[in-house]
Amino acid sequence: MRLGNAGTLPEDDRLGLFALRIEAGRIAQIVQGPAPRDDLPRVDAGRRLAMPLFVDIHTHLDKGHIHARSPNPDGTFFGAREAVGRDREARWSAEDVRARMTFALRAAYAHGTGALRTHLDSIGKQTGISWPVFDEIRAEWRDRISLQAVCLMPVVSVLDAPEEFERIIGQVRRHDGLLGAVTFLGEKPDAKLDAALDRMIEVAKIEGFDLDFHVDESDSPDARSLERIADALIRHRFTGKALAGHCCSLALMDDEDRARVIAKLAQAGLNVVSLPMCNLYLQDRRSGRTPRWRGVAPLHELDAAGLSTMVSSDNTRDPFYAYGDLDAVEVFREATRILHFDHSARPWLESVTTRPAGQMRLDDRGFLAAGQPADLVLFEARTLNEWLCRPQPDRRVIRKGRQIAERPPAYSELDPLLA
Ligand SMILES: [Zn+2]
C-alpha cells in the first residue's frame, strides 16, 4: 500500500479504505474496501489513517539532549559548533553517550520510527568512544529500530590527519557504517576540497561504503561545495549510494546556476535530505533582526529533476536545534509548512518513508504490503488535514500486530546527566 500525496486538501488526499488481515504478527493480506465477511476476530480501526513505520535518515544521536547543560549561546550555527565542541570534550563518556542515545531512541520508537541513521562526531578521542557505544545500541535495538551510523568530521581532515582518517575507516568498516564529512565550514571550495573528496570516494569505492555529507549549511555565497561533490562522484563513476544533507545555499543561487547544479546532482545520483526544522532555527539568525528566509534546500526543484528527496529530524534538543523528539510526524508536519508540501501533486509522504528507506538500502521498508511484519502507526485522523493539524500524541504504534505500550521517556530521567 503506497501512500498518496501530501496535499492537505481532502480532494488531494488520494487515501483509500483498506482492510488488513494480520496473522502471526505479519500482514497476510491487504484488501481494498471494508473487511470481508469471515470468521476472523476483527478490530474496527474506524477509518483511521494507517501509516508504515517512519524512516529518519539524518539525525545526531550523539549530540542529542545536551541542551539544558550546553545551550547555544546565541542561536547561530557558530554558537552551536562552539557549544557542542566544549560539551563533547568535557562530557561525552561512553556512559553519557549511551544514556542520551537510548533516551532518544525510546522516544523515536514510541513515535513510530522503524529505521534511523545517525551521524557520529568522529574527532580525536571521541571516535573510539561513540562508535563502540553505537554498536552495542544497534544490537540492543535490532528488533525495534534498524540503525546506521555515518562518521562526521571536517572533510579536509582526511588529508590533514591521515592516521586519524585510517582509524575512522576502521570504525566505519567494523560497524557497517557510512563515510561522511562536513564539506563547508565557511571557506570557498578549492583544490584541497576536491583532493579530500577524491580520497573519500576512493576509500568508499574500495571498501564498499555509501556516502552521506553535510553540505553548504549556510546562506553564504561561498557555500558552493555541493557541485564539487557531484563533480567528484561523476569523476570517479561512483555507483554506491550518496546523500547530501542541508544544501541550504542552493536555494539562494541564481536560477541558471541552480539548474546547472541540480542537473549535475541528477547525473551523479546524489540525493538530497532537507532538515527543515534545524534550518529554520539556525539559518538567517541575527540578534535583533527578524529572519527573512526559511533556510531550506529547493526541494521542489530537486524532486522535479528526478532526485530522491527526503526530510529528516537532524538535531534533537542540542545547540544545533533546541527542540524536537525524533518524531517523524513532527518533521513531516513542519516540512509541509516550511517547504510547502501542501498544494503539491508530488508524493511527499515518500520523503519520510520509502525514499529514506531506499537510501538506507532497506528496500522492504516504508510501505505496507502483504508478507511484511504488521508494523504500522494508527492515527486519530481520517484525512491528511486532520493528521497534520494535531501533534498526534494519541497515535497507536503497532509492532508485529500488537500495540506497543511504550511512551516517550520522562525528561526527568535525563536529570543525572545534566547536573
Ligand atoms: Zn546534521
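**A guided tour**

Reply: Let us begin with Arg-237, which comes just after helix α7 and takes a positive phi of about 50°. Please keep in mind as we go that this is a predicted model.

Me: Which elements do the buried residues of α7 pack against?
Reply: Among the buried residues are Leu-226, Ala-230 and Ala-232. The buried residues of this helix pack against α6 (191–207), β7, β8, α8 and β9.

Me: What is the handedness of the unit made by β7, α7 and β8?
Reply: Strands β7 (residues 211–215) and β8 pair in the parallel sense over 5 bridges. One of the bridge pairs joins Leu-211 to Ala-242 in β8. Together with helix α7, the two strands make a β-α-β unit that is right-handed.

Me: Which residue of β9 is the bridge partner of Gly-245?
Reply: Strand β8 also runs parallel to strand β9 (residues 270–274), joined to it by 4 bridges. With helix α8 (residues 255–268), these strands make a right-handed β-α-β unit. In β9, the bridge partner of Gly-245 is Val-273.

Me: Why is β8 described as largely enclosed by the rest of the structure?
Reply: Strand β8 pairs with β7 and is also joined by bridges to β9. Strand β8 spans residues 242–246, and it is largely enclosed because the number of its 5 residues that are buried is 5.

Me: Is Phe-238 buried or exposed?
Reply: Phe-238 is found in the loop between α7 and β8. Leaving out residues up to four places away in sequence, Phe-238 touches Ile-201, Ala-204, Lys-205 and Leu-233. A residue needs 20 or more other C-beta atoms within 10 Å to be called buried. Phe-238 has 20 such atoms, so it counts as buried.

Me: How far apart in space are Phe-238 and Thr-316?
Reply: In sequence, these two residues are 78 residues apart. From C-alpha to C-alpha, the distance between Phe-238 and Thr-316 is 32 Å.

Me: Which residues touch the most other members of the largest nonpolar core?
Reply: This core has 116 residues, and its largest share, 9 residues, comes from helix α2 (residues 94–111). Both domain 1 and domain 2 give residues to the core, so it lies between them. The residues that touch the most other members are Ile-229, Leu-233, Ala-244 and Ala-297.

Me: Which residues is Leu-233 in contact with, leaving aside its neighbours within four places in sequence?
Reply: Leu-233 is one of the buried residues of α7. With those sequence neighbours left aside, Leu-233 is in contact with Ile-201, Phe-238, Ala-242, Ala-268 and Leu-270.

Me: How far apart do the C-alpha centres of domain 1 and domain 2 lie?
Reply: The protein is divided into domain 1 (10–51 + 367–403) and domain 2 (54–359). Where they meet, 8 residues of domain 1 are in contact with 9 residues of domain 2. The touching side of domain 1 divides into 5 nonpolar, 1 polar and 2 charged residues. The C-alpha centres of the two domains lie apart by 31 Å.

Me: Which residue of β6 is the bridge partner of Thr-118?
Reply: Strand β6 (residues 146–152) is largely enclosed by the rest of the structure, because 6 of its 7 residues are buried. Strand β5 (residues 113–121) pairs with β6 in the parallel sense over 7 bridges. The chain crosses from β5 through helix α3 (residues 126–140) to β6 in a right-handed β-α-β crossover. In β6, the bridge partner of Thr-118 is Ala-149.

Me: Does Ala-24 count as buried or exposed?
Reply: Ala-24 lies in the loop between β1 (18–23) and β2 (26–32). Its phi is near 50°, a positive value in a residue other than glycine. Ala-24 has 8 C-beta neighbours inside 10 Å, so it counts as exposed.

Me: What is the value of phi of Lys-400?
Reply: Lys-400 lies in the loop between β12 (396–399) and β13 (402–403). With 13 C-beta neighbours inside 10 Å, Lys-400 counts as partly exposed. Most residues other than glycine have a negative phi. Phi of Lys-400, however, is positive, near 50°.

Key:
Residues numbered from 1 in each chain as written. Predicted model: local features only at pLDDT ≥ 70, side-chain atom pairs only at ≥ 80, totals over all residues. Buried ≥ 20, exposed ≤ 12 C-beta atoms within 10 Å, placed from the backbone. Pairing = 2+ DSSP bridges. Right-handed = clockwise from strand over helix to strand, strands pointing away. Domains from an automatic or database assignment. Contact = placed C-beta atoms within 7 Å. Nonpolar A, V, L, I, M, F, W, Y, C, P; charged D, E, K, R; others polar. Core = buried A, V, L, I, M, F, W, Y, C linked by C-beta atoms within 7 Å.
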